[in-house]
Amino acid sequence: MAVELLLIIVAAAVILACACAALNYFTTKKLKEGTERMQEIASAIRVGAGAFIKYEYKIVSVIGSIVAALLIIFVSWQTGLAFIIGALMSAGAGFVGMKIATYANVRVTNAANETRDTGKTLKVAFKGGSVMGLCVAGFALLGALLIYVIFGIACHQIDDVLGNTKPIWTNWTKLDAGFTMTLSGYALGCSIIALFNRVGGGIYTKAADMGADLVGKTEAHIPEDDPRNPATIADNVGDNVGDVAGLGSDLLESFVGAMLSGVILGCEIYAHQSLTNIANGLIVSEALLKAMLLFPMIFAGVGLIGCVVGIFYLLLVPLKKNTNVHMQLNLATWISAGISVIGCFLLSFFLFKGHDAEVLKQVLGFKAGNFSPWIAAVLGIAAGIIIGIISEHYTSYDYKPTKGIAKSSKEGAALTITEGMATGMISCMLPVIVLGVAIYGSYAVAGMYGVACAAIGMLSFVAATVSVDTYGPISDNAGGIAEMSFLEPEVREITDQLDAVGNTTAAIGKGFAIGSASFATLSLLCSYIYAFRGEDIIKGVINMISLNVVDPLTLVGALVGAAIPFMFSGMLIQAVAKAARRMVEEVRRQFKEIPGILEGEAKPDYENCIKISSQGSIKEMRIPCLVAIAIPVVSGFVFGPEFVGGLLVGAIISAIMLAIYTGNAGGAWDNAKKYIESGGVEGVKKGEEGYDAVHDAAVVGDTVGDPLKDTVGPSLDILIKIMSTISLVMVVLFNKYNLFDALHIV
């Protein structure tokens, strides 16, 4: 029955999602592109985005091949092949999503131009975004299904966990690299692509954006996306490679990490049952293990089906001309989340029904019986929604914090930056409290498995979340095309309305991403401790897995780990600054050396700016990405697993704070600028005396926030997950082979 449920529900969800994504892809492409000028601009954006992603994937494929080969040689061939599958799924989702975004943007512009109807324009933008959302969840589940069927069933790795067979086809190291390592390899493949897409795309888009703003807006005083600005096409290309391809790979990796953390934890709990529990007759049965393995995947499948319903609700329901955009997007998300909650309730009831109540309670920590996973998942969903509301409060210009930043721009850029920093820092407290309550609550009701369930719950409707997120950069691009095509101001007003909501939904999405990362990494950390302390657990030396935080080696690891996100963030900001500097110099050069640009009599050299952003981002992304991968591995082989455990604890804690701060501060600065542009600040109106000075201050704040919200913040949740995943994969090696053990250093 369990296998049938897996094959029917998960496979049906994958097929449905991919079919709907294909439908929306081709129906979007059939829409009109508008005038010849609009088509020319859209084509330039499409070519630039395609060239960048292909070049980036060439570099990533080389690095990925090396990592896969090392995994095959030193861990297991199954882990290496699973890594390749994960990389292909993540890269595929990013590529498809970016492709449709470059087709949808001009069609959104044309819909706004022809209809002057916000509701109809919203549908076009959301349909384009839904392709990415459905591909992210569909590809993630497809890869997980392949891993389960190929390695879990066909290669008998699930039977290996159960102890029914001996491990087969191990490599020369003869290490215990079973199903958990294969699952970790899949997650690691997704993480590698997500890291490079997010970092590379983030550097690209912010270098172009900062170059366009610093010279075009503050020096030349020309509007955003003005065709006279040489960096404007590169800026629009950046929206696609960073905010679409990067976003898709990022949340696919989050989804996979959340889903597989529960499966991995279930395997580790079963494999390392303590003698104390066995002596008391409290044994996790094979049937219960299979339920624990199936629950995350089927739950994800049910959530994906719910997302299809939510997405098509918005696409099919009639909308008013001046519809409330935010409300409609929220409705699509809430419908998806509601179906996920109902499906999880039924799934939790049937999958865990009939198992020994004492085993559920004493061993797994299921205090509410077979409903415990559902309660934990609901806590995760609630935490995600509340964090989203908090993010909206601190980033939307409908609320006091962002309005305060906008008003402070009257006193200059220094106070704008100061006010934004303060807002970002203050915004950390409430989300962390929410996360703390949800983590403790999910653990209290369902043990460590409950923490994993909370992570899955938070991302169970990820297809809807990504659809809403991706609609934002599509709308942003549409506004740029409208500006560069000299369309009437009313068209830009419609696209700006969609884009303003997109900024807020992006901040909410980032809250979901870092929230789920905290749950997933905690579960992966627990699995990591099981992996290197398993023998102690089997011998009955300890009944609870733990890290001794007062142990000097672990404590030093935690201190070093806490510093890693700061170093990583600094490297990314420097990378953006270097690439942006070259862009600024190029834009200034063109304004100076090409006569007639600012008068609109000469055409800027857009291609050179695209080239500068591409080369700069590819060059600058390498070191931060390699540092993220190398630090836990090198630390493990030198200092051993206890040090790496501390490293992970420190990195997780500081990365969560930094991610919330950078995401909310950057979003608030961005929307403060838009609030001024919309005429929201009293006494500051376009065309009136003093407007330029206030607007310039807001642009400086927005520029400071750009690398924070779109490069640093989104990359930090990937950082802690890739560190946790690669540590889990490599612990089988450095647990036995590390310098400290070899030299007998205690």
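A crossing of two helices is right-handed if the near helix is turned clockwise from the far one by less than a right angle. In this predicted model, helix α18 passes helix α20 in such a right-handed crossing. Helix α18 covers residues 552–593 and helix α20 residues 641–677; their axes come within 6 Å and cross at roughly 40 degrees. The two helices are therefore oblique to each other, since an angle counts as roughly parallel under 35 degrees and as roughly perpendicular from 65 to 115.

On the side of α18, the contact is made by residues including Leu 553, Val 556, Gly 557, Val 560, Gly 561, Ile 564 and Phe 566. Helix α20 contributes, among others, Glu 642, Phe 643, Gly 646, Leu 647, Gly 650 and Leu 658. By residue class, the contact of α18 with α20 divides into 13 nonpolar, seven polar and one charged.

Leaving aside neighbours within four places in sequence, Phe 639 is in contact with Leu 553, Asn 738 and Phe 740. Its relative accessibility is 30%, so Phe 639 counts as partly exposed. From Val 161, Phe 639 is separated by 478 residues in sequence and by 29 Å in space, C-alpha to C-alpha.

The description now turns to the nonpolar core. The largest one holds 251 residues, of which Tyr 186 and Tyr 528 touch the most other members. Beyond neighbours within four places in sequence, the contacts of Tyr 186 include Phe 83, Ile 85, Met 89, Phe 139, Ile 147, Val 256 and Leu 260. Gly 86 and Gly 143 are also among them.

Notes
Residues are numbered from 1 along each chain as its sequence is written. This is a predicted model: local features need pLDDT of at least 70, side-chain atom pairs count only at pLDDT 80 or more; totals for chains, interfaces and linings use all residues. Side-chain values use heavy atoms; hydrogens and water are left out. Buried means under 20% relative accessible area, exposed over 50%, partly exposed in between (1.4 Å probe, protein chains only). Contact means heavy atoms within 4.5 Å. A nonpolar core is a set of buried Ala, Val, Leu, Ile, Met, Phe, Trp, Tyr and Cys residues joined through side-chain atoms within 4.5 Å. Axes are lines fitted to C-alpha atoms, for helices over the stretch in contact, and angles run from 0 to 180 degrees between N-to-C directions. Helices (H or I, at least four residues) and strands (E, at least two) are DSSP runs, numbered from the N terminus. Angles under 35 degrees count as roughly parallel, over 145 as roughly antiparallel, 65 to 115 as roughly perpendicular and the rest as oblique. Ala, Val, Leu, Ile, Met, Phe, Trp, Tyr, Cys and Pro count as nonpolar, Asp, Glu, Lys and Arg as charged, and the others, Gly among them, as polar.
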